[in-house]
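Please open the model in a viewer and keep the selection panel at hand.

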There are 2 protein chains.
Amino acid sequence: MTEPIRDSLPGMLARAQAGERRATGRLLSIVERGGEPADALATLTHPHTGHAHVVGITGAPGAGKSTLTGALAASLAAAGSRVAIVAIDPSSPITGGAILGDRIRMDDIVASAHERIFIRSMATRGQHGGLALAVPGALRVLDAAAFDVVVVETAGVGQIEIDIVAETDTTVVVLNPGWGDAIQANKAGVMEMADVFVVNKADRPGTDDAVRDIEYMLDLGRPHARTDGHSAWRPPIVCAVATEGRGIDTMIDALTAHLAHLELSGGLTERRTGRLDNEVRRRVRQAFELELARAVRADPTLLAAVRSRRLSPADAAQLLADRVLR
Amino acid sequence: MTEPIRDSLPGMLARAQAGERRATGRLLSIVERGGEPADALATLTHPHTGHAHVVGITGAPGAGKSTLTGALAASLAAAGSRVAIVAIDPSSPITGGAILGDRIRMDDIVASAHERIFIRSMATRGQHGGLALAVPGALRVLDAAAFDVVVVETAGVGQIEIDIVAETDTTVVVLNPGWGDAIQANKAGVMEMADVFVVNKADRPGTDDAVRDIEYMLDLGRPHARTDGHSAWRPPIVCAVATEGRGIDTMIDALTAHLAHLELSGGLTERRTGRLDNEVRRRVRQAFELELARAVRADPTLLAAVRSRRLSPADAAQLLADRVLR
């Protein structure tokens, strides 16, 4: 079981494309570490992308996202698809325990499942370059590695989730009966990102109410909804009991229908173009932030003069801009 | 009643300092319009700042923030203070109506109040430079214009509110009995910014429960709470009925105690230093974003090459960074 210390990126990609898990895992580690190797990997993988259907699964902690993701992946894999799951781990010390439980449950399910399923967790903190760059890079690797479906599962309903959801073709928002007020959840902005709703744990009381709440919200219109590819698409509401595999086929139908809609409406190109444009901008921003931090460190007297009110923030900013920008 | 078409900034500032409302209003308009005159005004006013106690008042729509702000200002003014109120108007088409109602109610109260009170609304959209730059500029003008207390009242509990609250010395979070689950509100991150809690409408049932919820949350600890000047400060909980002026004196005592705590602990310097540093960085960022947008527009083939997968996002970002950054 020896392997070369250093392997070529094209060699690793070829083995990942052939279904070798370890090669896929190593490519994702390169993405996570960031820096020049990650950039070289982006250059290598980018031409091979655009084939995978990237699905985001989001919703409140405890909604059963992991179980649903596992059941979805098992069902897709049974039908012949290669499926990758990227689970975004929470970094919050508050909710860490609960979600870790979810993670363990998902692994139980998937451990017994198909060879065609690949799972990877990514942490939301402590990475070089940050999750905002690592997620598109990971999706690019998995797309280039010839996975048919890439599922990104997030841990909650905050800004990170919204950012990640923006990296997907189809967004599934998972709710529960009695989880309560869909209108309240709407405040977080996640509801408006939904292309498909899944009411999970639909064997519990209150399922009809939950469906009615969502329908009502959809009737009201979604003023901030994604406009790309949304023309004439009303998010379907799927009832599921993920622990028993119920509703998974209906969910897959909804995902397939949404992808077909995006392809026909031009929304798929629009979303993917928007994602690439945003990634380029984010990368330039990251370079700028490094330069700004360097310029601030290089001249501690500058901020000191602002603090002692000898130099205005506007003038200090001008001086820094002259040093950082062309 | 003639006045010169164009007045000097130092002249306007002197008149604002002498209590002339119109001069204060014109200075704030210059801040809102942004650009070079606003920068010149920052240079002029910055040396005169650091005296006002800047208080942020935030909380859910309908919590009675405007009434509370009006009652607070009237009480402070009656005791001899000069008070400025900056009301951040909502731009949301959903909540606009409700908040507009709040605004009108506040004006009713304050119209009959003291000569020492100055009120200004600022819109959250459509401004040159954006609210993120306009708010610190406005606070600087009011501080330099010798107001003793500047109250910034926000419209809701979202990211904008958190950004604005970060510009204040003391943050008041307004809740209502039966407004519900303080833990839920905590998700928005606003609860953790609180230096003082006010349970308004405390003549309604559920006041004790609301106080208990907040105490419970404080007992749990606030993992993400502002660390600056927070050592040994546990936010007091004030019960108030703003419409009847009840609890306002207790609220003023809490604000005064918090300011004294900040001064003793060094937290005041820390907060104000952090705010100035952030403002400088935001201004440089704004200049960067303008340059980036220009560079993207100047070479449309660049993003087109990324979209057609002939150029990776990493390589495109490098090319743009070379053009924008030094």
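Helices (H or I, at least four residues) and strands (E, at least two) are DSSP runs, numbered from the N terminus. This is a predicted model, in which local features need pLDDT of at least 70, side-chain atom pairs count only at pLDDT 80 or more, and totals for chains, interfaces and linings use all residues. Residues are numbered from 1 along each chain as its sequence is written, and chains are lettered from A.

Select chain A, which has 13 helices and seven strands. Of its 326 residues, 54% count as buried, that is, under 20% relative accessible area (1.4 Å probe, protein chains only).

Next, display both chains. Chain A is superposed on chain B by a rotation of 180 degrees with 0.0 Å of shift along the axis (RMSD 0.1 Å), using least squares on the C-alpha atoms of residues with pLDDT of at least 70 in both. This is the relation of a two-fold axis. Select Leu325(A): its C-alpha, at 2.3 Å, comes closest to the rotation axis among the residues of chain A.

Now turn to the second largest pocket, where 30 residues form the lining (an atom within 4 Å of a grid point). Closest to its centre are Gln318(A), Asp39(B), Arg283(B), Gln286(B) and Ala287(B). Select helix H13 (313-324) of chain A, then helices H3 (35-45), H6 (131-144) and H11 (267-298) of chain B; each supplies at least two lining residues. H3(B) gives the largest share, seven residues.

How values were computed
Side-chain values use heavy atoms; hydrogens and water are left out. Buried means under 20% relative accessible area, exposed over 50%, partly exposed in between (1.4 Å probe, protein chains only). On a 1 Å grid over the protein atoms alone, a cavity is a set of points where a 1.4 Å probe fits but cannot get out, and a pocket is an open set with protein on both sides within 12 Å along at least five of seven lines; lining residues have an atom within 4 Å of a point.
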